[in-house]
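Take a walk through the fold below. Keep the sequence beside the coordinates as you read.

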Amino acid sequence: MQTPEELYTAAEQEVADAASTAQLREIEQRFIGKSGSISGLMKLLGGLPKDERPTFGQRVNAAKAQVELLIHARQILLKTAEQANQFEAERIDVTMPGDRPRVGQEHILQQATNKIKRVLGGMGFTYLESPELEEFRYNFEALNYPPDHPAMDDQDTFYIDDTHLLRTQCTALQGRVFETTKPPLRAFTVGRTFRNEAVDRTHGHTFHQVDCFMIDEGVSMAHLKGTLGVFARAMFGEEVTVRFRPDFFPFVEPGVDYAISTPKLFGGRWVELGGAGLIHPNILERYGIDSERYTGFAFGLGVERIPMMAYGIDDLRPFLENDQRFLSQFRFEPISG
């Protein structure tokens, strides 16, 4: 059996040789911990003569106290050295350039939508929203669709039940507005629409649409063409001209498709943007609006078409595929004048 003094001498040497605070903690546990070799000497008191117990206990306590002092002193030195090494390893060179922060950006379609909202809002139109899960009556019946129109077929529309569907067009907003608001009025909406189509480079089951309409006394095709001209020039530049060609839509009469031309896009070639026309009198009368006193126009276009034209993108699919290699390259600002 080693004496308290012998154990103290052994501990003294190991403490002096300790190279880290972790090693020092291990030495502390081994000598003066609860089950340490010096602390364990106290278990021998019961086997000693009664007159030797006090002296032996004092020797054990003295050795334990001296080891504690050695460990404390050595710990201060080691901790100071370790902190210095850590500070050096983690030192920041303030003369070096910092890491570029990762900054997000809005989706290219959201950026295009923001531009549309600024332009139409600046022209006095109020932005409104309507549900994507729409009622059949607003999506078709209220828009003068005849009962046998092919657009109502299951092959073209996502039906939820007999009276609800995923809206196929944002024009469904009109009936909701006409029920609560009487002329004069100017309103527009931008939102997602859905059609049961096979997906390819020019077709998608989900796409975004702008629908804008105005009702007042004396509104004519001239007002429609003027409004579309201002809108197109704000989006694509002052050189834009607008062309109308006759077309048919159940909710307008007369109806046109409209195209734009500008030297900045496709060498001035005419590019179709969407459909437009004067709101059909049947729709106005359905909601108690006197079609003899009031007339109105409406136009719509696909949001995707704007960045496609601005950047020469020829495929719809990447807009909704969430590929950062595609999306991160667009900090969208349509062609400006």
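The model is predicted. On the α1 side, the contact uses L7, A10, A11, E14, V15 and D17. These meet Q23, L24, I27, R30 and F31 of α2. By class, the contact has seven nonpolar residues, one polar and three charged.

Now turn to the sheet. Strands of a sheet pair through backbone hydrogen bonds, either parallel or antiparallel. Here seven strands form an open sheet with mixed pairing. Their order is β1-β4-β5-β9-β8-β7-β6. The edges are β1 (126–127) and β6 (241–247), each of which pairs on one side only.

A hairpin of four residues joins β6 to β7. β7 spans residues 252–261, and its pairing with β6 is antiparallel over seven bridges. V242 stands opposite I260 in β7, and R245 stands opposite D257 in β7.

Helix α4 (residues 108–122) touches β1, β4 (185–194), β5 (206–217) and β9 (294–302). The direction of α4 makes about 170° with that of β4.

Where do the pockets lie, and which residues line them? The largest pocket has a volume of about 1300 Å³. Its lining holds 48 residues, and R195, F207, L273, G302 and R305 lie nearest the centre. The elements that give two or more residues to this lining are β5, β7, β8 (271–279), β9 and α9 (305–311). β8 gives the most, with six residues. The lining of the largest pocket divides into 20 nonpolar, 16 polar and 12 charged residues.

The second largest pocket has a volume of about 290 Å³. It is lined by 17 residues, and the closest to its centre are Q110, V190, G191, R192 and H208. By class, the lining of the second largest pocket has five nonpolar, seven polar and five charged residues.

Note on methods:
Residues numbered from 1 in each chain as written. Predicted model: local features only at pLDDT ≥ 70, side-chain atom pairs only at ≥ 80, totals over all residues. Heavy atoms only, no water. Contact = heavy atoms within 4.5 Å. Nonpolar A, V, L, I, M, F, W, Y, C, P; charged D, E, K, R; others polar. Pairing = 2+ DSSP bridges. Axes fitted to C-alpha atoms, helices over the stretch in contact; angles between N-to-C directions. 1 Å grid on protein atoms, 1.4 Å probe; cavity = no way out; pocket = protein on both sides within 12 Å on 5 of 7 lines; lining within 4 Å. Points joined across faces, edges and corners; volume = space filled by probe spheres on them.
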